[in-house]
Amino acid sequence: MRWWIWTSALLAGCTTIPAAAKDGALSIDLSIRARVEAIHGQFRPNTPADDTALLLRTIVAADYDAGPLVIGGELFDSRSYFQRTLSSIATTEVNALEPVQAYLKTDFSDHFQGQFGRFTLDLGSRRLVARSVYRNTTNAFAGARFDLRSKAGDTATLFWTVPQSRLPDDRDGIRSAGVALDRESISVQFFGGIFTSRPINGTVIEAYLYRLAEHDAPGILTRDRRLWVPGVRVVRRPAPGQVDFEVEGIWQGGTTHATTAASDVAALPVFAWAVHGHIGETFQSPWKPRLAIAVDYGSGDRPGGQYTRFDTLFGARVFEFGPTSLYGPISRQNLISVEARAEVSPGKRWDGYLAARPLWLAEPRDSFGATGVRDPAGRAGHYAGTQVDMRARYWLVPRRVRLSAGYTHLFKGGFLTEAADAPATGDTNYGFTEMTLTL
């Protein structure tokens, strides 16, 4: 199979081939994506200062409509090549030959649908629960999901799931792209619901409540999180000639342990929160320029007998904070930031953006975002640096062949240069190229 993956990757980066049964009951999609990325001036401790990787992802998805039931499945084959020893490449990039989805769907009525088995989830803003797009692997769950829609257009989703833990998760297994079925355990449960109002003058209101409950089990060490996560979101999506905006507030309470160590038996009360807000405007012109200002806050952990570091659960970061994979220093944890963003769509073929985002720590004694850099004494200060991020995409052949490329520069601030475990590697540069062919 490997020769086929390599040949296809050289021809395409991502291919989608639909097939259908004569009666329209069967649909099959095959996709392949290839991306080359490189990082110079690593920000993570104990990893190579420079690294390069070729990421390949092959997806085969099928649905069979058997009348009252839809039977579906999806196979992921995610691999990484050429990365260095001790690379940051992990299960977020590698998951070989994994049946990520295997489900049954049914319509109980015109306004009530159920799904059972293995599946992916994209809920609300995707800040807490998302099917990954840029990332080479994705979050997935096993359980049940119910979707309801009122005649007026309001919707609600209720779910009970067991998250999948990607395997293998050891360094040798990741490097060799070993094949092992992802693990699910009743010791980790994620459930809840989200309500979305119908648009009123273009504005939508969402309210949700999620619950994560976990405990140690044979072969599984957890932080014994017992989290309640309520949130509210108000959003008006971008449209030409209009002002768009979004405000989302998330609170987390419950208990957790500080580490996954079996010897850590102290349950700490949780009090954490995050806020996102932005306002933008899309101008009426052939290039459809959009300018926006965004503000983000995610609490960090501080001494005092409580655990106050925000937990991102199963959320996505790329759409706000720039690329992940070999890069990805920013997350909704211990973060204060403001972003200025400019987007353009000169035509049906082109789109791109340029964004600048200064970064601060909410708590100087906690680690910053997803960097792993920490200064327990708090002497390195609050300023982490400034990120400049850009991306462009172009359809060589409309709806058939697309090129994507991006570059991100992290101007490291005092914290990322002066903290005790900050690597002395200078500013961080990251870039990627990607090609997409769709048939």
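Modeller: Two strands pair if DSSP finds at least two bridges between them, and strands themselves are DSSP runs of E, at least two residues long, numbered from the N terminus. This is a predicted model, where local features need pLDDT of at least 70, side-chain atom pairs count only at pLDDT 80 or more, and totals for chains, interfaces and linings use all residues. Residues are numbered from 1 along each chain as its sequence is written, and side-chain values use heavy atoms, with hydrogens and water left out.

Biologist: What makes β2 and β3 a pair?

Modeller: Strand β2 (residues 26-40) and strand β3 (residues 50-65) are joined by 15 bridges and run antiparallel. The cut-off is at least two bridges, so they count as paired. β3 also pairs with strand β4 (residues 69-81), again antiparallel, over 12 bridges. Those two form a hairpin with 3 residues between them, and Gly67 in the turn has a positive phi of about 85°.

Biologist: Why is Thr371 called buried?

Modeller: Buried means under 20% relative accessible area, exposed means over 50%, and partly exposed is in between (1.4 Å probe, protein chains only). Thr371 comes in at 3%, so buried is the label. Thr371 sits in the loop between β16 (350-360) and β17 (383-397).

Biologist: How do you know that the side chain of Thr371 makes a polar contact with Phe368?

Modeller: A polar contact is a pair of N or O atoms within 3.5 Å; within protein, one must be able to donate a hydrogen and the other to accept it, and residues adjacent in sequence count only if both atoms are side-chain atoms. The Thr371 side chain reaches the backbone oxygen of Phe368 at 2.6 Å. A polar atom of that Thr371 side chain also lies 3.1 Å from the backbone nitrogen of Val373.

Biologist: Which residues beyond its sequence neighbours is Thr371 in contact with?

Modeller: Leaving aside neighbours within four places, Thr371 is in contact (heavy atoms within 4.5 Å) with Phe43, Arg44, Pro45, Pro329 and Leu416. Leu410, in strand β18 (residues 401-412), has a contact list including Pro329 and Leu416.

Notes: Helix = DSSP H or I, 4+ residues; strand = E, 2+ residues; numbered from the N terminus.
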